[in-house]
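Subject: Structure for you to look at

Hello,

Here is the structure we talked about, with its sequence.

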Amino acid sequence: MREPILEPGQTPWSTEPESSFSTWARRFFRGLVVAVLLLAAISGVRSWIRPNNAGTTAGQTAQTGFPTDEARAVATRYAVSYLNWDETNPEARPAQIGLDLAAGLDARAGWNGRGKQTADKAYPGEVKIDSGGVVAVVDVRVQVRAFTRSGRTFVPGPYTWQRVSVPVARTASRVVASGPPTYVADERAALPENMPEARVPDDDLTAATLKDAEAFFSAFAESDAKVEAVAAPGAAIHSLNGVVKLGDLKSWQVYAGDDNERRATAAVTWDGAGDTTLDQTYSLTLRRTVAADGAQRWQVAAVG
């Protein structure tokens, strides 16, 4: 093929007018880029990279802001008031319940006005907060003592533990009980299957540190000064200040580990007032110390 013959000053190409569609597309994409940049500046690029789940954030905020400590305190006192009744003094129970029950609710809380029962000790547990963050239920265990009628008097029975679930609500000023508690079964549960594996015993170190362990627990029962004399340097261990005395170190076991720190367990019998004894088990941390003359010892660095 022959090349076309160009006139003097003529370029080897020709300019064609741009179509209306091309002009519109170019302007559209240019405007889109500008809009994206403006949106990024307003909302923040970080929120695009790590978006927040609105539902999860709301739930977490609600639970984080809920006054769980106050809820436990209110639920505990209310549970004690709820499980206390005496037909010889029927007005005492509603008065106590009214301290924590929301205004406008019946302070009799379902009691028929008969019988007698006392409740004094109570321990709160888990607080389950609703996703809205306004209401919750508090798990409370209460020690109660029921009475049975014998003629004109009431005879006290044994102490038992009862478990109740107390509904509470957060108001603008405080947490209140929002209704009567419900009884909850308190059953024994087995240990979880994913319990940590048992440590490997170090029988040689166990035998070598037995006397030191006895000296530590004897000092641990008596005074801080005696503990400081036998514990590892720098250990911050407070004594029991004479509440009990060491009766017997029933068992002592040190476990394998590194050359500077080991774990140990001890079963101790404490002598209390009178003829009372009490067995308790402790977990301890031992630390290897080296004296100025080069002598090495394993001393208790922490209890628990």
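**Aromatic pairs and their surroundings**

Phe 220 has a relative accessibility of 5%, so this residue counts as buried. Bear in mind that the model is predicted. Trp 270 is buried as well, with a relative accessible area of 2%.

How far apart are the ring centres of Phe 220 and Trp 270? The distance is 6.4 Å, and the planes stand at 40 degrees, so the pair is tilted. This pair links distant parts of the chain. Phe 220 belongs to helix H7 (residues 210-222), while Trp 270 belongs to strand S8 (residues 261-271), and 50 residues separate them. Both residues are part of one aromatic cluster, together with Phe 216, Phe 217 and Tyr 282.

The count for the structure is 10 aromatic pairs. Another one of them joins Tyr 78 and Tyr 82: their centres are 6.4 Å apart, with 40 degrees between the planes, and this pair is tilted. Where do these two tyrosines lie? Both are in helix H4 (residues 68-82), four residues apart, which is about one turn of the helix. Tyr 78 is buried, at 1% relative accessible area. Tyr 82 has 14% relative accessibility; the cut-off for buried is under 20%, so Tyr 82 counts as buried.

Two rings also have a partner over them. The charged end of Arg 93 sits over the ring of Tyr 82, 5.1 Å from the ring centre. Arg 199 lies over the face of Tyr 255, and here the distance to the ring centre is 5.8 Å.

Regards

Note on methods
Residues are numbered from 1 along each chain as its sequence is written. This is a predicted model: local features need pLDDT of at least 70, side-chain atom pairs count only at pLDDT 80 or more; totals for chains, interfaces and linings use all residues. Side-chain values use heavy atoms; hydrogens and water are left out. Rings of Phe, Tyr and Trp (its six-membered ring) pair if their centres lie within 6.5 Å; planes under 30 degrees apart count as stacked, over 60 as edge-to-face and the rest as tilted. Buried means under 20% relative accessible area, exposed over 50%, partly exposed in between (1.4 Å probe, protein chains only). A charge sits over a ring if NZ of Lys or CZ of Arg is within 6 Å of the ring centre and within 35 degrees of the ring normal.
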